[in-house]
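Keep the sequence and the 3D view side by side.

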Amino acid sequence: MSRKAPVNETPDVIDISEILARIPHRYPFLLVDRAEEYRPSQSIVGIKCVTFNEPFFQGHFPGFPVMPGVLIVEALAQTGAVLMSKSLDVDVAGKTILFMSVDNCRFRHPVRPGDVVRMPVEVLRARGDVFKFRGQALVGDKLAAEAEFAAMVVETQ
């Protein structure tokens, strides 16, 4: 059964329905609400609206809720996966995009409930079904995190 993502009216904006069609993540692990500034095989900006209702805030940390750094990196990776899926027009019925590596990761500023995280992700290299990216997580004008990471398309059947 082939599942194709819907075509958006604004080609450089990717809404939640298209994100859900392009990557397999679901609540509570879907960490991208929309994407903007899509440039095929070049770049994208993911958006994550952080709310106090996120399940990880219950234990990280009571009294001073902070989004875990590994989930910020996962949000960057999901943003890269959306870019790959749309650029390569991946048929998600039989394939998925898996995280391969992370390098030069740094955490600079906490992400807290109420923050809107903008995640510009750019392609450093693309060879076939393997992409290497550089991404940042920004809250306003503050750099919360940055990393280089790679992902690849794999068969799921």
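Arg22, Ile23, Pro24, His25, Ala81, Val90, Val92, Lys95, Thr96 and Ile97 line the largest cavity. The model is a predicted one. The space inside this cavity is about 60 Å³. The count of cavities of 30 Å³ or more comes to 2. Which strand gives the most to the lining of the largest cavity? Strand β3, residues 95-107, does, with 3 residues. By class, the lining of the largest cavity holds 6 nonpolar, 2 polar and 2 charged residues.

Thr96 sits in strand β3. Is Thr96 buried or exposed? Its relative accessibility is 16%, so Thr96 counts as buried; the cut-off for buried is under 20%. Beyond its sequence neighbours up to four places away, Thr96 touches Pro24, Met152, Val153, Val154 and Thr156.

Most residues other than glycine have a negative phi.

Now turn to helix α2, residues 69-88. The expected span is 1.5 Å times one less than the number of residues. Just after α2 comes Asp89, with a positive phi of about 50°.

Val82 gives a view from within helix α2. At 1% relative accessibility, Val82 counts as buried. Leaving aside neighbours within four places in sequence, Val82 is in contact with Ile14, Ile19, Arg22, Ile23 and Ile44. Val82 and Ile16 are 66 residues apart along the chain, yet their C-alpha atoms are separated by 11 Å.

Next comes the core. In soluble globular proteins, nonpolar side chains tend to be buried together. Here the largest nonpolar core has 37 residues. Ile44, Met67, Val111 and Phe133 have the most contacts inside it. Elements that each supply at least two residues of this core are β1, α2, β4 (116-127), β5 (130-139) and β6 (142-155). Helix α2 gives the most, with 8 residues.

What does Ile44 touch, not counting residues up to four places away in sequence? Its partners are Ile14, Ala35, Glu36, Glu37, Tyr38, Thr79, Val82, Leu83, Met119, Pro120 and Val121.

Lys132 is found in strand β5. Lys132 is buried, with a relative accessible area of 18%. Apart from neighbours within four places in sequence, Lys132 contacts Asp103, Glu122, Val123, Leu124, Arg125, Glu148, Phe149 and Ala150.

Now follow the backbone. Most peptide bonds are trans. Phe61 lies in the loop between β2 (43-49) and α2. Tyr27 and Pro28 are also joined by a cis peptide bond, with omega about 5°. Pro28 is in the loop between α1 (16-22) and β1 (34-39).

The loop between β1 and β2 holds Ser41. Ser41 has a positive phi near 60° and is not a glycine. Ser41 is partly exposed, at 35% relative accessible area.

Tyr27 and Pro28 lead on to the largest pocket. Both are in its lining, along with Phe29, Leu30, Val32, Asp33, Lys48, Thr51, Asn53, Glu54 and Pro55. The pocket contains about 160 Å³ of space. Its lining has 6 nonpolar, 2 polar and 3 charged residues.

Key:
Residues numbered from 1 in each chain as written. Predicted model: local features only at pLDDT ≥ 70, side-chain atom pairs only at ≥ 80, totals over all residues. Heavy atoms only, no water. 1 Å grid on protein atoms, 1.4 Å probe; cavity = no way out; pocket = protein on both sides within 12 Å on 5 of 7 lines; lining within 4 Å. Points joined across faces, edges and corners; volume = space filled by probe spheres on them. Nonpolar A, V, L, I, M, F, W, Y, C, P; charged D, E, K, R; others polar. Helix = DSSP H or I, 4+ residues; strand = E, 2+ residues; numbered from the N terminus. Buried < 20%, exposed > 50% of the residue type's maximum accessible area, 1.4 Å probe, protein only. Core = buried A, V, L, I, M, F, W, Y, C linked by side-chain atoms within 4.5 Å. Contact = heavy atoms within 4.5 Å.
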